[in-house]
Amino acid sequence: MQYEIIGGNLPAVICKLGRGEKIICEAGGMSWMDGVFEMQTSAGGVGKMFGRMFSGESAFRNTYIAKDAGEIAFASSFPGEILAVELTAGKSIIAQKKAFLACEEGVDMSVFFQKKLGKGFFGGEGFIMEKFTGSGLVFLEVDGSIKEYTLAPGEKKVMETGHLVMMDETCKMDIERIQGVKNIMFGGEGLFNTVVTGPGKIVIQTMPISKTAGVISGYIPTSGS
């Protein structure tokens, strides 16, 4: 499979499949395609179906099979970027909820639960994230622009909650309380930060949709105003 990401800050990925190749997306995820594709909808089992629902994805998935060479496209649902990740056997990544856009047949998505209560309540990323394993390409939606880092063993990156898009499974994520009363009251950074410790690759996004929604809500007139 070949692919091209177009559209700048309003991106879509155009995938070029050969005869017999398959690509998977969540229900309703396809944007446009050539007339050579056959669609098959499946839940993939009750456990996986509920797992996807918990992670904010559709309960069902569509598999598109190319009956001949053709193009199929998947557009992002929010201004930002599309991140293409090549998975190989033995490598897994953890991504934010609702990050999934599309993947090759050899990629498997499962639910990743935060085991510590603090991470779920205060981490911005929530209790539930998405774990991707297997072999092949997976395309993820990113809110805003992408910045990638490769952390050495023990190296840490501190960020405001909600900015973490993806990390290798070898990384460790924790929640750190901001110290100092004045820092908490007047620093404007909230109560907690997300801390990711290497080794492994991490991807940070510049415009978390939750933060953007909070800013926009301040400009929406209330009833009666």
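**Strands, aromatic pairs and local features of a predicted model**

Of the 225 residues in the protein chain, 42% are buried, where buried means under 20% relative accessible area, exposed means over 50% and partly exposed lies in between (1.4 Å probe, protein chains only). The model is predicted: local features need pLDDT of at least 70 and side-chain atom pairs count only at pLDDT 80 or more, whereas totals for chains, interfaces and linings use all residues. Residues are numbered from 1 along each chain as its sequence is written, and side-chain values use heavy atoms, with hydrogens and water left out.

The protein chain has four helices and 19 strands; helices (H or I, at least four residues) and strands (E, at least two) are DSSP runs, numbered from the N terminus. Among the contacts in the protein chain with a separation of 6 or more, 77% are made by residues 24 or more positions apart, a contact being heavy atoms within 4.5 Å. The accessible surface of the protein chain is about 11600 Å², and carbon and sulfur atoms account for 56% of it. Accessible areas come from the Shrake-Rupley method with a 1.4 Å probe; for residues, only the protein chains shown count as cover.

An open sheet is formed by four strands in the order β1-β2-β7-β4, with antiparallel pairing. Two strands are taken to pair if DSSP finds at least two bridges between them. β1 and β4 (32-33) are the edge strands, and each pairs on one side only. β1 and strand β2 (residues 12-17) run antiparallel and are joined by five bridges. Within this pairing, Ile 14 in β2 stands opposite Glu 4.

Strand β7 (residues 70-75) contains Ile 72. Ile 72 is buried, at 0% relative accessibility. Residues up to four places away in sequence aside, Ile 72 touches Val 13, Ile 14, Cys 15, Leu 17, Ile 23, Met 30, Trp 32, Met 33, Phe 37 and Tyr 64. The C-alpha atoms of Ile 72 and Ser 31 are 7.7 Å apart in space, while the two residues are 41 apart in sequence.

A further set of pairings involves β19 (200-205). Five of the six residues of β19 are buried, and the strand is mostly covered. Strand β14 (residues 146-151) runs antiparallel to β19 and is joined to it by six bridges; here Lys 147 stands opposite Ile 204. Strand β16 (residues 164-168) also pairs with β19 in the antiparallel sense, over three bridges, and Met 167 has Ile 202 in β19 as its bridge partner.

The structure holds two aromatic pairs. Rings of Phe, Tyr and Trp (its six-membered ring) pair if their centres lie within 6.5 Å; planes under 30 degrees apart count as stacked, over 60 as edge-to-face and the rest as tilted. Because Tyr 3 lies in strand β1 (residues 2-6) and Phe 139 in strand β13 (residues 136-143), the pair ties together parts that are 136 residues apart in sequence. Tyr 3 is partly exposed, with a relative accessible area of 37%, whereas Phe 139 is buried, at 0%.

The other pair is stacked: Phe 100 and Phe 132 lie 6.0 Å apart centre to centre, with 25° between the planes. Phe 100 in strand β10 (residues 100-104) and Phe 132 in strand β12 (residues 128-134) are 32 residues apart, and the pair links distant parts of the chain. Phe 100 and Phe 132 are buried.

Charged groups also sit over rings, a charge being assigned to a ring if NZ of Lys or CZ of Arg is within 6 Å of the ring centre and within 35 degrees of the ring normal. The charged end of Arg 61 sits over the ring of Phe 100, at 4.2 Å from the centre. Lys 147 lies over the face of Tyr 149, 5.4 Å from the ring centre.

The structure holds zero disulfides, a disulfide being a pair of cysteine sulfur atoms within 2.5 Å. For Cys 25, the closest cysteine sulfur is in Cys 103, at 9.0 Å, too far for a bond. Cys 25 is buried, with a relative accessible area of 0%, and Cys 171 counts as buried at 8%.

Two backbone features occur in loops. Gly 198 and Pro 199 are joined by a cis peptide bond, with omega of about 25°; Pro 199 is placed in the loop between β18 (192-197) and β19. Lys 98 is not a glycine but has a positive phi of about 65°. Lys 98 lies in the loop between β9 (93-95) and β10 and is exposed, at 56% relative accessibility.
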